[in-house]
Amino acid sequence: MIPKGCSERPFDASILGRPVWCLDDVAQAENAVNGARQESVGLMFRRGDASEGAILDPLGFRKIETLITLGCAISDQKQRLPAGIGIAQTTDADAIADLAARAFRSDRWHRDPEIPDDRADAYKAAWAHNDVLGRAGVTLVTLNAAGVITGFNALLFRDDTLVVDLIAVAPDHQGQGHGSRLVTAAIAYGAGRFKTLQVGTQVANPASIRLYQKHGLQEIGRADTWHWTPS
Ligand SMILES: CC(C)(COP(=O)(O)OP(=O)(O)OC[C@H]1O[C@@H](n2cnc3c(N)ncnc32)[C@H](O)[C@@H]1OP(=O)(O)O)[C@@H](O)C(=O)NCCC(=O)NCCS
């Protein structure tokens, strides 16, 4: 049974191979830990204000990341996508999932030493796969001369906000301007359709923070993430 103040995360659990819970109400943290032990939960996470560490740390939660949300306004004038940018098709899902499995290192699953890297890779791969198959409103891609996908930017449509859900460039193509083109492309795609562009990233990912700041996105929020895993 799931205790009060918690909710299940079935997608996460399917990748981890054990139940995954989100602690929705920090005031229920102690009951939640007791429940998690009884139900053999593999991971419980909480995202909230830094001050919650005073409650969570003594219960065995570990602070994993600080998430920064950045945003910017986008033009109401329609724009063309930049050259070299394509729109992913469902047939690209496997290639994009493979790229995602190789690219991400700063997200909370990869940063938690209690989560095996192969699970963290599989998590990003499955997430990207779902995005291309329709979870994202659109997935923009960069392509090399041979038409091979070198980077992707999966975007969610949230009312008048276009949200970067996942963005990555293949490790052997990073530092060559692809990430920059993918952000420019998102701004162009959103122009005339959405009012703002929003993205979340980690303090521990300076490359992505600089990338977004370079394109005019500014910090609009900050939250910490804690993990509890069974000892
Ligand atoms: C973040 C990421 C998408 C950037 O893509 P990229 O193609 O390597 O970036 P670009 O070559 O277009 O660089 C664009 C800007 O990003 C910043 N940047 C990129 N790599 C950087 C690094 N290693 N250190 C610091 N800044 C960096 C710079 O501001 C750079 O502009 P500049 O060269 O004019 O200074 C890429 O590093 C990546 O896929 N990382 C792994 C996945 C990930 O962490 N995604 C972000 C999750 S929110």
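## Strands and their pairing

Strands are taken here as DSSP runs of E of at least two residues, numbered from the N terminus, and two of them count as paired if DSSP finds at least two bridges between them. In this predicted model, β7 and β8 form a hairpin with two residues between them, and the turn contains D159, which has a positive phi of about 55°. The pairing of β7 with β8 is antiparallel and extends over eight bridges.

## Strand β7 and residue G151

Strand β7 spans residues 149-158 and is mostly covered, with eight of its 10 residues buried. One of its residues, G151, links the two pairings: G151 is the bridge partner of T142, and its bridge partner in β8 is V169.

## The largest pocket

The largest pocket holds about 1500 Å³ of space. It is lined by 48 residues, of which F104, D165, L166, G200 and Q202 are the closest to its centre. By class, the lining comprises 19 nonpolar, 17 polar and 12 charged residues.

At the level of domains, both domain 1 (6-60) and domain 2 (71-223) contribute at least three residues each to the lining of the largest pocket.

Technical notes: Residues numbered from 1 in each chain as written. Predicted model: local features only at pLDDT ≥ 70, side-chain atom pairs only at ≥ 80, totals over all residues. Heavy atoms only, no water. 1 Å grid on protein atoms, 1.4 Å probe; cavity = no way out; pocket = protein on both sides within 12 Å on 5 of 7 lines; lining within 4 Å. Points joined across faces, edges and corners; volume = space filled by probe spheres on them. Nonpolar A, V, L, I, M, F, W, Y, C, P; charged D, E, K, R; others polar. Domains from an automatic or database assignment. Buried < 20%, exposed > 50% of the residue type's maximum accessible area, 1.4 Å probe, protein only. Helix = DSSP H or I, 4+ residues; strand = E, 2+ residues; numbered from the N terminus.
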